[in-house]
Amino acid sequence: MLDFNRIWLPFLYLYGVGGLIFIIGMYIISKSQSIKVERVRHKKWFYILLFGFIYYVSIHSFFILLAINQIIPAILIFLIIFLLSLKLLFFVFKKPKIYS
């Protein structure tokens with residue numbers, strides 16, 4: 001039988017510790033001003049980095065839910081991934097307004 005310790009505990013550890021390291025890294029990047037969110041190009045990369053982390057968490061949880069036969073939550077996560085991907089694509093490929 002697959003219980004919480006075999007399914008969700010490794011998931012929570014992986015993305016809990018990894019997420020904490022990711023947040024610390026993003027904090028260091030922002031404080032050292034390596035990424036300036038007010039710049040359009042930097043803002044795009046900031047959102048791509050955030051999306052990447054959320055994407056991997058979502059894909060992993062999607063496949064875990066499919067493996068334990070939880071179809072409805074898996075479909076909902078897939079739809080969220082799809083909508084987030086579309087939003088990111090529109091954000092990345094949107095042409096900035098040029099003011100003269």
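Gly18 touches Tyr13 and Phe53, leaving aside residues up to four places away in sequence; contact means heavy atoms within 4.5 Å. This is a predicted model, where local features need pLDDT of at least 70, side-chain atom pairs count only at pLDDT 80 or more, and totals for chains, interfaces and linings use all residues. Residues are numbered from 1 along each chain as its sequence is written, and side-chain values use heavy atoms, with hydrogens and water left out.

**Helix α1**
- Gly18 lies in helix α1, a DSSP run (helices are H or I, at least four residues, numbered from the N terminus).
- Gly18 counts as partly exposed because its relative accessibility is 28% (buried is under 20% relative accessible area, exposed over 50%, partly exposed in between, with a 1.4 Å probe and protein chains only).
- Between Gly18 and Pro73 there are 23 Å in space, C-alpha to C-alpha, and 55 residues in sequence.
- Pro10 also has its place in helix α1, which covers residues 4–31.
- With a relative accessible area of 40%, Pro10 is partly exposed.
- The C-alpha atoms of Pro10 and Leu79 are separated by 24 Å, and the two residues are 69 residues apart along the chain.

**Helix α2**
- Ser61 is in helix α2 (residues 40–67).
- Ser61 has a relative accessible area of 8%, so Ser61 is buried.
- Beyond residues up to four places away in sequence, Ser61 touches Trp8, Phe11 and Ile77.

**Helix α3**
- Lys87 is found in helix α3, residues 71–93.
- Lys87 is exposed because its relative accessible area is 60%.

Note on methods: Helix = DSSP H or I, 4+ residues; strand = E, 2+ residues; numbered from the N terminus.
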